[in-house]
Amino acid sequence: MRFYFAEEYQPQCNARFAYYQTQIKALLTNAEIEHIGASAIPNAISKGDLDIYIAVDQSEFNDAIQKLYHLNFQEKLATLRTDQLCMLESLNGDDVAFQLVVKGSEFESFITFRDKLRQSPELVQTYNDLKKRCENLDMIDYRIEKNKFISAILNQQ
């Protein structure tokens, strides 16, 4: 696994986000669309992927999944899937994932985590250090370590 410095990947991720934001808004007019993940955090290192948070009302959730398929996305296998969270991955070869969530659900934590790191360069450095330590791990072990860090940040008062 290789990590990239912010200047190596964030400009491309920002451009991809702007593109997909327009596409998503055309399909889901009432959705909240946010850039999340490391690419949305200044100076964060990353694998170079883009995560997009899409929040809809519960009544629109299942329909939204079907509509997002039209952007050439599919449900991401081996990830948490509930009636309030569906992760979708791009089939377009651009390493983009959608985190479709229900407004008001516990999964608004994607935004909380992003915002906590945006407010703290020290947390970003700690997150970067964790990623560097995980560079030789497989994806499962990397996710375990990353999830421990995210949980610790979200549990801080």
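**Exercises on salt bridges and a buried helix face**

Glutamate 8 has a relative accessibility of 37% and therefore counts as partly exposed; that class lies between buried (under 20% relative accessible area) and exposed (over 50%), with a 1.4 Å probe and protein chains only. The model is predicted, so local features need pLDDT of at least 70 and side-chain atom pairs count only at pLDDT 80 or more, whereas totals for chains, interfaces and linings use all residues. Residues are numbered from 1 along each chain as its sequence is written, and side-chain values use heavy atoms, without hydrogens and water.

**Exercise 1.** Determine how many salt bridges there are, and describe the one between arginine 2 and glutamate 8.

Solution. 
1. The criterion is a side-chain nitrogen of Lys or Arg within 4 Å of a carboxyl oxygen of Asp or Glu.
2. Under this rule, seven salt bridges are counted.
3. In the pair of arginine 2 and glutamate 8, the closest N and O atoms are 3.8 Å apart.
4. Arginine 2 is partly exposed, at 46% relative accessibility.

**Exercise 2.** Explain why the buried residues of α3 line one face of the helix, and name the elements against which they pack.

Solution. 
1. Helix α3 covers residues 109–118, and its buried residues are Ile111, Phe113, Arg114 and Leu117; helices are DSSP runs (H or I, at least four residues) and strands are runs of E (at least two), numbered from the N terminus.
2. Viewed down the axis of α3, these residues fall within an arc of 165°, so they line one face; the arc is that of the directions from the helix axis to the C-beta atoms.
3. An α-helix has 3.6 residues a turn, so residues three or four places apart point the same way.
4. The buried residues of α3 pack against β1 (32–36), β2 (50–56), α4 (121–133) and α5 (139–155).

Methods:
Contact means heavy atoms within 4.5 Å.
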